[in-house]
Amino acid sequence: MPISPTPTRTLTVAAARRIALAAQGFAATRPSGPPTRRTVMKVLDSTRLLQLDSVSAVVRAHYSPVFARIGAYDRALLDEAAWSHSARRPRKLVEYWAHEAALLPVEDWSLMRWRMAQYRTGRWNGMREVYQRNPRLAEDVLGVIAEFGASTAGEVERHLELDRPRAKDNWGWNYSDTKVVCEALFAAGELTVPKRVGFQRHYDLAERVIPEDVRTRTLDETEAVRELVRRAASAHGIGTETDLRDYYRLTRKQTEPAIADLLDAGELEQVAVAGWDKPAYLHAEARTPRRVSGAALLCPFDPLIFFRARTERLFDFHYRIEIYTPEHKRVHGYYVFPFLLDGELVARVDLRAERGTGRLLVPGAFAEPGRDIARVAAELAQSLRELADWLELDTIEVGERGDLAPALGAVLHSRLSA
């Protein structure tokens with residue numbers, strides 16, 4: 001079903017930005033007392049997912065978006081929601097391939113069954129080659145996990161007494177065939193991850209982890225995609241088709257009919273945003289606050305900014321992660337956090353948590369053009385102090401790179417001396 005090309009009204013980029021920030025939870029009042037598990041889960045009501053990533057230069061990626069929205073909280077609350085379960089406190093989050101590897105609400109697992117069917121022999125050719133080379137290995141892995149319970153790939157391998165070849169994917173990870181098969185079975189929905197220890201996945205049968213009503217819920221791909229686009233639209237507040245598509249890594253062929261259905265149902269309204277070259281879709285329940293205040297450091301994988309084209313459209317902020325860029329070619333640094341202040345991205349800082357020495361290192365700090373450097377430095381210094389306290393780091397050390405570094409260093413020094 002084609003989408004109507006005629007928007008009903010035009011919004012400014014500033015209004016679209018406030019809508020997006022409110023949808024992502026940045027217009028809410030922060031909790032006055034210590035955050036609870038319920039407070040943490042309310043963040044997921046806004047974001048719908050938290051991207052997982054192995055980089056721990058500051059703190060693991062899934063922890064940061066929660067901190068950005070509610071401030072200092074006990075990370076064990078998020079761990080418990082994702083990787084523990086009891087009758088009194090059931091699991092709330094589960095891992096799967098959503099926007100890359102991600103935590104998402106348990107009830108959303110069934111919306112990914114069509115993707116699991118696509119991945120029944122793995123997500124990439126290397127996985128399929130391992131299956132061809134070891135036609136019985138998947139059955140053997142499932143047998144071991146069925147008998148011994150949640151296990152790492154290494155533990156499975158030891159039970160099977162294997163010394164399997166290792167297959168390199170295009171990122172250079174050196175995975176054994178057993179690990180590759182565990183990952184393939186995870187992608188296919190036969191295994192899931194009930195716990196992590198030291199961020200290492202422990203795999204178990206999905207039937208022992210995913211509630212039966214979720215696991216047996218059947219939706220065809222069209223229904224499931226419509227639900228995912230509905231969630232993406234809620235998490236965006238306003239977005240283009242490419243924005244909505246990217247959130248759960250869908251295709252245009254999938255999203256366009258879903259958007260048309262949601263338009264017909266009155267859940268979305270097609271609008272124009274001044275300066276955007278594509279129509280936008282406004283969620284029926286999206287709020288447009290008069291202003292958004294406060295400050296937040298955003299990790300590279302924060303859902304507000306992980307689609308870089310949207311970040312540029314909304315904030316006029318060109319942002320690229322430079323982890324895989326050779327050091328001498330990096331512009332801003334290895335692990336750079338954009339700094340959100342009163343609804344705009346006003347600066348960026350390269351950060352590193354050096355836990356052994358109790359230091360938060362800031363090798364570089366850069367202001368966006370035209371910003372009040374004195375004010376940005378003062379607000380950023382406060383946010384860095386809050387981050388350091390949350391991570392239990394004693395000192396903050398600012399390097400020399402970037403036009404914001406001298407002012408930031410001076411503010412931090414003056415507060416230390418006061």
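Tutor: Axes are lines fitted to C-alpha atoms, for helices over the stretch in contact, and the angle between two of them runs from 0 to 180 degrees between their N-to-C directions. Keep in mind throughout that this is a predicted model.

Student: At what angle do helix 2 and helix 4 pack, and how far apart are their axes?

Tutor: Helix 2, residues 37-47, packs against helix 4, residues 75-83, at an angle of about 70°, and the two axes are 9 Å apart. Because angles of 65 to 115 degrees count as roughly perpendicular, helix 2 is roughly perpendicular to helix 4. The crossing in which helix 2 passes helix 4 is right-handed.

Student: Which residues of helix 2 and helix 4 make the contact?

Tutor: Helix 2 contributes Arg-37, Val-40 and Met-41, while helix 4 contributes Leu-77, Leu-78, Glu-80 and Ala-81.

Student: Let us turn to the nonpolar core. Which residues of the largest nonpolar core touch the most other members?

Tutor: The largest nonpolar core has 116 residues, and those touching the most other members are Tyr-73, Tyr-248, Tyr-335, Leu-384 and Leu-387. Helix 16, residues 373-390, supplies the largest share of this core, namely eight residues. Apart from it lies another core, of 25 residues, which includes Ile-19, Ala-68, Leu-314 and Leu-340.

Student: With which residues is Tyr-248 in contact, leaving aside its neighbours within four places in sequence?

Tutor: With that exclusion, the contacts of Tyr-248 include Leu-49, Ala-98, Met-112, Leu-228 and Ala-232, and also Arg-48, His-99, Asp-108, Arg-115 and Arg-231.

Student: Is Asp-246 buried or exposed?

Tutor: A residue counts as buried when its relative accessible area is under 20%, and Asp-246, at 12%, is therefore buried. Asp-246 is placed in helix 13, residues 241-247, and, not counting residues up to four places away in sequence, it touches His-99, Phe-306 and Phe-307.

Student: And what is the relative accessible area of Glu-269?

Tutor: The value for Glu-269 is 24%, so this residue is partly exposed. Glu-269 lies in strand 10, residues 268-273, and, leaving aside neighbours within four places in sequence, it is in contact with Thr-8, Arg-9, Leu-263, Ala-280, Tyr-281 and Leu-282. For one of these partners, Ala-280, the separation from Glu-269 is 11 residues in sequence and 8.2 Å in space, C-alpha to C-alpha.

Notes: Residues numbered from 1 in each chain as written. Predicted model: local features only at pLDDT ≥ 70, side-chain atom pairs only at ≥ 80, totals over all residues. Heavy atoms only, no water. Core = buried A, V, L, I, M, F, W, Y, C linked by side-chain atoms within 4.5 Å. Buried < 20%, exposed > 50% of the residue type's maximum accessible area, 1.4 Å probe, protein only. Helix = DSSP H or I, 4+ residues; strand = E, 2+ residues; numbered from the N terminus. Contact = heavy atoms within 4.5 Å. Parallel < 35°, antiparallel > 145°, perpendicular 65-115°, else oblique. Left-handed = near helix turned anticlockwise from the far one by under 90°.
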